[in-house]
Amino acid sequence: METHEGAAAVGDGVLDYSRLRLSTFRVDTISDKRKKDTRQLYLNYNRLGSLPSSVTLFCNLELLDISNNGLATLCEDITGLKRLKTLLAKNNRLDEFSLPKEFGSLPLEVLNLSGNRFEEIPLQCTKLSRLQSLSVGGNRLKSIPSEIENLTSLEMLYLGGNLISAIPPEIANLPYLSYLVLCDNRIQSVPPQLTRLHSLRSLSLHNNLLTYLPREILSLVQLQELSLRGNPLVVRFVKEMTYDPPSLLELAGRTIKSRNIPYSPFELPSNLVRYLDLASKCPNPKCAGVYFDSCVRHIKFVDFCGKYRLPLMQYLCSPECTSPCSSNPQSDAESEEENSVPADRLQRVLLG
C-alpha cells in the first residue's frame with residue numbers, strides 16, 4: 001500500500017495517520033484510487049501546523065479528524081470537501097479568524113472545536129444548516145451569538161468551560177435541541193424562554209453563578225437531567241419585595257381583565273387593545289389577578305418530600321400574593337402548585 005511509513009488502513013475507506021509525529025502531510029504517495037475511496041481520514045495527534053490544500057483530493061471524505069495538532073488556520077480549500085459530515089478539530093490553536101470565509105457551505109453534521117482559542121463563535125459556524133452537534137468547550141468564549149438560532153437541526157450544543165455570562169433567548173428557537181451543556185461558565189440567570197425547548201432532555205448548568213431558576217423550567221416536559229452543583233443557589237427561603245406601585249393605566253387594565261369586562265377594537269384605540277392583550281396571569285392559584293408591568297419578584301422553593309428544594313423565580317401581581325416567612329415557608333399557593341407537579345418528574349429534575 002502506498003502511504004507514509006507507519007500509516008495504517010483500518011478497513012475499507014479508512015486511512016489512519018494518527019500519532020505519527022507528522023509535521024507535514026504528503027499525499028503524493030497515495031494512489032488516486034485510495035484517495036477517491038477514502039471516507040475517513042485520521043490525522044490527529046501529530047505536529048501539523050497547517051492543513052495542506054491537498055486534503056481536498058480526498059473528494060469523498062465524510063470524516064476528518066485533525067485534533068491535537070498545532071493548527072492555527074484551516075485552509076480555504078477545505079470547503080471543497082462537499083461530502084464532509086464530521087470535522088473534529090479539538091485541541092489546536094484555532095480562533096475566530098482561523099476558519100475560511102465559506103466554511104458555512106460545508107454539509108457538516110458534527111463539528112468539534114473544543115480546546116482551542118476561540119473568543120467568539122465564528123458566524124460561519126451559524127450557517128451550517130445541517131449541523132446536529134456543535135462542541136466549542138474549553139475555549140475563551142464570552143458570549144453566545146444570537147445567530148445560534150439559525151442552527152435549526154442542532155441536537156447537541158456543548159459550550160462548557162468558557163467565560164459565558166448570559167444565555168441568549170434565541171437558543172429557545174432550536175426545535176430539536178436535546179442536550180445543552182453550559183457548565184463551568186459565569187452564567188448568572190436562565191432565560192424563561194428556554195421553556196420552548198420541547199426536546200430538551202439534559203441541561204448542564206453546574207459550576208456557574210446561578211442563585212435561582214425561572215419557575216418556567218418545570219414546563220420542560222422531556223427534561224430528565226438538570227445539573228446544578230457548584231452554584232450559589234440560595235439555601236434558605238428568600239423574598240424580594242421590590243415593588244413599584246402600578247400606574248393608573250395598569251390599574252384600569254387589571255380591572256378590565258380580572259372582571260372580564262368585554263372590549264373590542266371598535267370601542268378602544270388599537271394601542272390599548274394591544275396593551276390589554278399583554279396581561280399576565282398571577283401564578284398564585286388562589287388569586288384571580290393579572291399584571292402588566294408592575295409585579296413582585298419572588299423566589300419560591302419547590303419542595304420534594306421535605307428533602308430536596310429548588311429555588312425558582314416567579315412573578316406575582318402584588319405583595320399580598322406572598323406569605324410571611326416561617327420555619328417551613330410554604331404558602332397555600334406554593335403547596336398547591338407543588339402538588340400539581342408529578343413527584344417522579346420533580347425528583348429527576350432536582351437530583352439530575
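Residues are numbered from 1 along each chain as its sequence is written, and side-chain values use heavy atoms, with hydrogens and water left out. Because the model is predicted, local features need pLDDT of at least 70 and side-chain atom pairs count only at pLDDT 80 or more, whereas totals for chains, interfaces and linings use all residues.

The secondary structure comprises five helices and 16 strands, taken as DSSP runs numbered from the N terminus (helices: H or I, at least four residues; strands: E, at least two). Of the 352 residues of the protein, 49% count as buried, a term that means under 20% relative accessible area, with exposed meaning over 50% and partly exposed in between (1.4 Å probe, protein chains only). Among contacts with a separation of 6 or more, 41% link residues 24 or more positions apart, a contact being heavy atoms within 4.5 Å.

A nonpolar core is a set of buried Ala, Val, Leu, Ile, Met, Phe, Trp, Tyr and Cys residues joined through side-chain atoms within 4.5 Å. The largest such core holds 67 residues, of which L41, L64, L87, F103, L111, I171 and L205 touch the most other members.

N46 lies in the loop between strand 3 (40-42) and strand 4 (63-65), and counts as buried because its relative accessibility is 7%. The side chain of N46 reaches the backbone nitrogen of R21 at 2.9 Å, while a polar atom of that side chain lies 3.3 Å from the backbone oxygen of N44. With residues up to four places away in sequence left out, N46 touches Y17, S18, R19, L20, R21, L22, N68 and N69.

In helix 2 (residues 248-258), the buried residues are E250, G253 and R254. Seen down the axis of helix 2, these residues fall within an arc of 105°, so they line one face of the helix, the arc being that of the directions from the helix axis to the C-beta atoms. Their cover includes helix 3 (270-277) and strand 14 (290-291). Just after helix 2, N260 takes a positive phi of about 55°.

Technical notes: A polar contact is a pair of N or O atoms within 3.5 Å; within protein, one must be able to donate a hydrogen and the other to accept it, and residues adjacent in sequence count only if both atoms are side-chain atoms.
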